[in-house]
Amino acid sequence: MVSTRTTIGSFQFDNCLMNAAGVYCMTREELAAIDQSAAGSFVTKTGTLKERPGNPEPRYADTALGSINSMGLPNLGYHYYLDYVMELQDRPKSKNHFLSLVGMSPEETHTILKSVEASDYKGLVELNLSCPNVPGKPQIAYDFETTDQILSEVFSYFTKPLGIKLPPYFDIVHFDQAAAIFNKYPLAFVNCVNSIGNGLVVEDETVLIKPKNGFGGIGGDYIKPTALANVHAFYKRLNPSIQIIGTGGVKTGRDAFEHILCGASMVQIGTALHQEGPQIFERITKELEEIMTEKGYESLEDFRGKLNYKA
Ligand code: HRO
């Protein structure tokens, strides 16, 4: 019998597949649909201190090869999501969940995380250091000094399991520098990758989305090689206690298999979930199990990180 079970820190999941933050996670109804699907977990929409309407529409578009979005961090406020995951955690046989969070400034981030620290929430937190779509706010994790400073302060008071959502990096030196910073902290995981920021998709003579004159985060097929590179680069560089969540370009069991082969312990689905809906988890789980059966792998441990190089 093959199994796609996995763990992040001390948390167990019956399936390694789940949604990526931003897709199917804005409301309790959407989150409940993921919770009741074949997914092993869900992550909430990134919650900020106060509710935000986000950028003007149209702000998300599917394309032949994936998606472009400039949602602008619309969300119902972190308390909405915190209340929901706390409600679920008290139910018998509840799955484990991820609460995605970030402030609009480091001060706000600390206010939110101190509130979560003081709460009865016992699950995982994903701190989003990579939103590309808020005008005037750069992707935090491209600024190594600020990232180091935020993490240093966070871990002075935050004791619950916490990981970070990263933007894609594109240079070996950046993998080295970022990993050296992350290795200083007791992170539970890093999630590679958020959308590739500030792409531009043109149809006929016009951009596809309204905010920022059409510039937006790119997801889907375009980003799989970049996502796999980031997963593997951090798998090779980070302390073994820091696990990797792989996100980017997953729409088949083969894509999920490649993320795990590159080092992922859990695999998130964004663009393809938006296109196909929560029944995608059943399909991709089955496809992943078929690949494992064919290759004689019974568990993810049998092949995780075991990517072969050319001699
Ligand atoms: O809401 C968004 O515009 C958004 C966020 Cl927060 C993010 O982290 N990644 C993304 O592609 N869009």
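The model is predicted. Lys45 is buried and has no salt bridge. The sheet is open, with strand order 4-5-13-10. Helix 6 and helix 7 pack at an angle of about 30°.

**Lys45**
- Lys45 lies in the loop that runs between helix 1 (28-35) and strand 4 (60-63).
- For Lys45, the nearest side chain of opposite charge is Glu30, 9.6 Å away; a salt bridge would need a side-chain nitrogen within 4 Å of a carboxyl oxygen.
- Leaving aside residues up to four places away in sequence, Lys45 touches Gly22, Cys25, Met26, Leu73, Pro74, Asn75, Tyr81 and Ser100.

**Sheet 4-5-13-10**
- The four strands of this open sheet pair in antiparallel fashion.
- Strand 4 and strand 10 (196-200) are the edge strands, and each has a single partner strand, so one side of each lacks a neighbour in the sheet.
- On average, neighbouring strands of this sheet are turned by 40° against each other, direction ignored.
- Strand 10 is joined to strand 13 (residues 215-220) by three bridges, and the two run antiparallel.
- Gly199 has Gly216 in strand 13 as its bridge partner.

**Helix 6 and helix 7**
- The axes of helix 6 (residues 224-237) and helix 7 (residues 253-261) are 9 Å apart.
- Their angle of about 30° falls under the 35 degrees used as the limit, and helix 6 and helix 7 are therefore roughly parallel to each other.
- From helix 6, Lys224, Ala227, Leu228 and Val231 meet Asp255, Glu258 and His259 of helix 7.

Terms used: Residues numbered from 1 in each chain as written. Predicted model: local features only at pLDDT ≥ 70, side-chain atom pairs only at ≥ 80, totals over all residues. Heavy atoms only, no water. Buried < 20%, exposed > 50% of the residue type's maximum accessible area, 1.4 Å probe, protein only. Lys, Arg positive; Asp, Glu negative; His and termini not counted. Contact = heavy atoms within 4.5 Å. Pairing = 2+ DSSP bridges. Axes fitted to C-alpha atoms, helices over the stretch in contact; angles between N-to-C directions. Parallel < 35°, antiparallel > 145°, perpendicular 65-115°, else oblique.
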